[in-house]
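Biologist: Could you take me through how ring contacts are read in a model of this kind?

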Amino acid sequence: MKNSYDVIIIGAGVAGLNCALNLPRSLSVLLVCKDVPEKSDSYLAQGGICRMQGDADFESYFEDTMRAGHYENNPEAVTCMIKESPGVIDGLIRLGVDFARNPDGSLAATREGGHSKKRICYHEDCTGKEITAKLMEFVSGLENVEICPETTLLDLITRKNECFGAVLSDNKIKAVSTVFASYTVLACGGIGGIFEHSTNFRILTGDGVAICLKRGVAVDNIDYIQIHPTTLYTPQKGVRSFLISESVRGEGAVLRDKNFNRFTDELRPRDVVTAEILKQMEKDGTPHVWLDMRGIDPGEVRSHFPSIVEHCKKEGYDVFTECIPVVPAQHYFMGGVRSGLQGQTTMARLYAVGETCCNGVHGANRLASNSLLESLLFAQRAAADIAGNFEAYSKPDAEYAADKLDLTYYAEPEKLLGEYKRLLLEKIGEKKNV
């Protein structure tokens with residue numbers, strides 16, 4: 001790791017990778033992630049990625065997204081995402097992403113809760129892994145990009161509402177350093193790690209959001225937290241919840257109560273289905289409800305959901321002959337660091353993309369399979385904005401800002417990250433009490 005770069009990107013999920021991929025090769029880029037790259041939630045995305053199915057699909061896709069978000073979405077951001085979705089998918093195909101195909105060779109599409117039609121491209125039930133792995137393959141081959149895993153963001157180097165880089169900790173050798181950059185991009189994922197039950201990796205604790213709160217960067221809707229209706233129930237505490245993709249219900253799986261009676265419409269938006277499940281659990285006095293996949297063609301289950309079938313088998317459930325126990329768990333963060341359509345935040349030289357940011361595209365509740373699309377598109381737009389407006393940072397200003405930092409304050413990273421976690425929980429609690 002050098003002392004300075006043109007761009008620092010914090011996070012190696014699809015947002016961070018796509019930003020790096022779309023920056024000019026003439027710029028030096030440092031891409032860091034808190035653990036190994038595979039521990040990003042992008043790798044966990046099962047269902048797929050949305051694509052507008054022709055111009056005639058725009059209005060219904062727009063309405064589905066707005067309705068799911070309780071009409072608190074930013075219409076301009078939603079319009080941008082939908083209209084540019086075909087280009088995003090086409091770009092992924094050029095990278096070699098292997099989406100499911102129909103017998104005639106056209107892209108296959110599935111449907112999930114909240115969608116009025118089939119518009120979700122997918123690769124089995126591990127679309128996120130397929131996309132992220134392909135992006136990583138390409139970014140790893142770029143000579144202008146240095147990838148540093150097991151490196152934790154501890155703070156930003158700032159002065160007079162301008163960002164000059166980051167304070168980073170090498171997790172392996174426990175060394176803290178200041179690294180300067182003309183631009184810094186926060187792509188460090190969500191906040192699921194601060195919750196007891198979450199589908200997220202435990203390392204995703206919202207550090208970037210907490211640091212922005214501390215540094216006076218605008219953060220919006222910090223209490224907008226999505227609960228996924230169906231994760232495989234386990235009595236174990238403190239383990240990552242295994243998600244049962246919404247596509248399962250899109251293909252025909254149904255929810256059943258303790259007496260195995262169907263009790264809701266499974267294809268309503270996530271927050272509505274979650275509320276119905278919690279209500280049924282309370283009524284039945286049970287810690288879960290049942291998900292029944294037996295109505296789906298077994299061949300479709302095997303080809304579309306192999307990872308789910310295998311994981312359930314390991315847990316002792318045969319999805320072909322019995323129902324599986326499911327329960328809601330924290331899944332996604334719709335709030336985050338305020339950002340515009342080019343990823344710019346309220347601090348100069350600082351960008352935020354992916355789940356870390358809040359550009360208003362999701363509103364109060366994300367529509368299924370919009371997350372990969374949103375992350376990829378706005379990361380690409382951020383890269384274009386940086387490239388089009390590039391101006392090297394002022395070295396005297398950056399060094400002055402760094403000199404004002406007391407590096408002994410960062411000597412115990414775990415303690416500092418604990419403080420960030422408490423700050424987020426406090427702010428979430430404040431908003432929920434308003």
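**Reading aromatic contacts**

Modeller: Y183 has a relative accessibility of 6% and therefore counts as buried, the term for residues under 20% relative accessible area, with exposed meaning over 50% and partly exposed in between (1.4 Å probe, protein chains only). This is a predicted model, in which local features need pLDDT of at least 70 and side-chain atom pairs count only at pLDDT 80 or more, while totals for chains, interfaces and linings use all residues. Residues are numbered from 1 along each chain as its sequence is written, and side-chain values use heavy atoms, with hydrogens and water left out.

Biologist: Is F390 buried, exposed or partly exposed?

Modeller: F390 is partly exposed, because its relative accessible area is 29%.

Biologist: How many aromatic pairs are there, and how is a pair described?

Modeller: A pair of aromatic rings is described by the distance of the centres and the angle of the planes. Rings of Phe, Tyr and Trp (its six-membered ring) pair if their centres lie within 6.5 Å, and planes under 30 degrees apart count as stacked, over 60 as edge-to-face and the rest as tilted. By this rule there are six aromatic pairs. The ring centres of Y183 and F390 lie 5.4 Å apart with the planes at 50°, so this pair is tilted. Y183 and F390 also belong to one aromatic cluster together with Y351.

Biologist: Which charges sit over rings?

Modeller: The criterion is that NZ of Lys or CZ of Arg is within 6 Å of the ring centre and within 35 degrees of the ring normal. The charged end of K83 sits over the ring of F58, 5.3 Å from its centre, and R240 lies over the face of F201, at 5.3 Å from the ring centre.
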